[in-house]
Amino acid sequence: KPGEQKHSKEPSSLQGMHLAVVACGDRLEETLTMLKSAVLFSNRRLCFHIFAEDSLKPEFEEKLQEWPSSYTKKFEYNIYPITFSVGNAQEWKKLFKPCAAQRLFLPVILKEVDSLLYVDTDVLFLRPIDDIWHVLKEFNSTQLAAMAPEHEIPKIGWYSRFARHPYYGTTGVNSGVMLMNLTRIRNTQFKNSMIPSGLTWEEMLYPLYQKYKNYITWGDQDLLNIIFYFNPECLYVFPCQWNYRPDHCMYGSNCKGAEEEGVSILHGNRGVYHDDKQPTFKALYEVIRDFPFEDNLFQSLYYPLQSKFLDTVHTLCGRIPQVFLKQIEKTMKKVYENRVIVYLGANHRY
């Protein structure tokens, strides 16, 4: 594509699982930790699409190549510049957080990719991406994207109390974890509040921004809420354990799915990985960040995590450690069971 800088071979795993992230400013370490969690726990091959400022590209290249081959063979990646196909690039770049609006343009840029999971840099996978990838098969004939609610309780949700623009459902949706069928997005005419007939995704973005820019607080997430307000049949809604944020436990536990099944994807928004306001989230981030790529996940990841959690019991989130540990434990047990089966199978041949 014009202007694209290749830092690896062209992605060949078009049938694999595609993961996109946008990194600007000081998000290098956070993004690498997210990618690390994806590789640690996933089964099928991954293809990373990393959108980054020019200054970060060589650093991503250097850090990813330092990973051991036992992990790098599980994925391939491509690094793209920050680009916006319509409207004023500087306006888009400054919308909410630096470069966050790039996610709106993924269907336009990644024309050869059929489906994609977009996540914010402050996301951590606590189970295989394969499991959320399977949700694509649950889409009905009109659904083309999936997100989780912004809040579980309307009376204390942000959108239901403060929004000055249309939003999806009763509490809006959070765009930090977004599963997309890009082919369907590219082929759909979207209902909108600007003209009676439908508009394509690319045609709609800039006029929509111009119409609502004085009313939106959360930038691109607000635009997505407006789009799906007018096109609710296009959205599949995840349960909260697929986008678990401090709001789900800091005022008391309000994500029933996580209580029952454990957290599947952790979203450390509000900068909680880097301050002391939510030590349970920070503990998980630091343990995955510092995991030395050893084979023993229990010894070098699970046990340090249990130990760190003991220091967080004075917080509401820290009082429910099983919510954070359940999926990690389940995933690691599967990893070891598979290794034992492979080992026994190999020995059986002799």
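This note goes through the fold, the domain pair and one backbone detail of a predicted model.

1. **Overall dimensions.** The chain has 350 residues and a radius of gyration of 20 Å. A compact globule with that number of residues would have a value near 20 Å, so the chain agrees with the rule. Along the principal axes, the C-alpha trace spans about 70 × 45 × 40 Å.

2. **Secondary structure and domains.** The chain holds 14 helices and nine strands. The domain assignment gives two parts: domain 1 covers 17-238, and domain 2 covers 271-345. Their C-alpha centres are 26 Å apart.

3. **Extent of the interface.** How many residues of domain 1 are in contact with domain 2? There are 16, and they meet 17 residues of domain 2. The size of an interface is often given as accessible area lost when the parts come together. Here the two domains bury about 1,700 Å² between them. Carbon and sulfur atoms account for 67% of that area. On the domain 1 side, Lys36, Phe41 and Leu126 lose the most area to domain 2. Together these three make up 35% of what that side buries.

4. **Polar and charged links.** The rule finds one salt bridge across the interface of domain 1 and domain 2. Six residue pairs are in polar contact between the two domains, counting pairs with both residues at pLDDT 80 or more.

5. **Who supplies the domain 1 side.** Two elements give two or more residues to the side of domain 1 that touches domain 2: helix 1 (28-41) and strand 5 (123-125). Helix 1 provides the largest share, seven residues. By residue class, this side divides into nine nonpolar, five charged and two polar residues.

6. **The Glu29 pair.** Which residue forms a salt bridge with Glu29? The partner is Arg289. The closest N and O atoms of Glu29 and Arg289 are 3.8 Å apart. The cut-off for a salt bridge is 4 Å, so a separation of 3.8 Å qualifies.

7. **A backbone point to inspect.** Arg270 lies in the loop between strand 9 (265-267) and helix 12 (279-290). Its phi is near 65 degrees, a positive value in a residue other than glycine. Most residues other than glycine have a negative phi.

Definitions and conventions. Residues are numbered from 1 along each chain as its sequence is written. This is a predicted model: local features need pLDDT of at least 70, side-chain atom pairs count only at pLDDT 80 or more; totals for chains, interfaces and linings use all residues. Side-chain values use heavy atoms; hydrogens and water are left out. Domain bounds come from an automatic or database domain assignment. Contact means heavy atoms within 4.5 Å. Buried area is the accessible area (1.4 Å probe) that two parts lose on being put together, summed over both. A salt bridge is a side-chain nitrogen of Lys or Arg within 4 Å of a carboxyl oxygen of Asp or Glu. A polar contact is a pair of N or O atoms within 3.5 Å; within protein, one must be able to donate a hydrogen and the other to accept it, and residues adjacent in sequence count only if both atoms are side-chain atoms. Helices (H or I, at least four residues) and strands (E, at least two) are DSSP runs, numbered from the N terminus. Ala, Val, Leu, Ile, Met, Phe, Trp, Tyr, Cys and Pro count as nonpolar, Asp, Glu, Lys and Arg as charged, and the others, Gly among them, as polar. The radius of gyration is taken over C-alpha atoms; the globule rule is 2.2 Å times the number of residues to the power 0.38.
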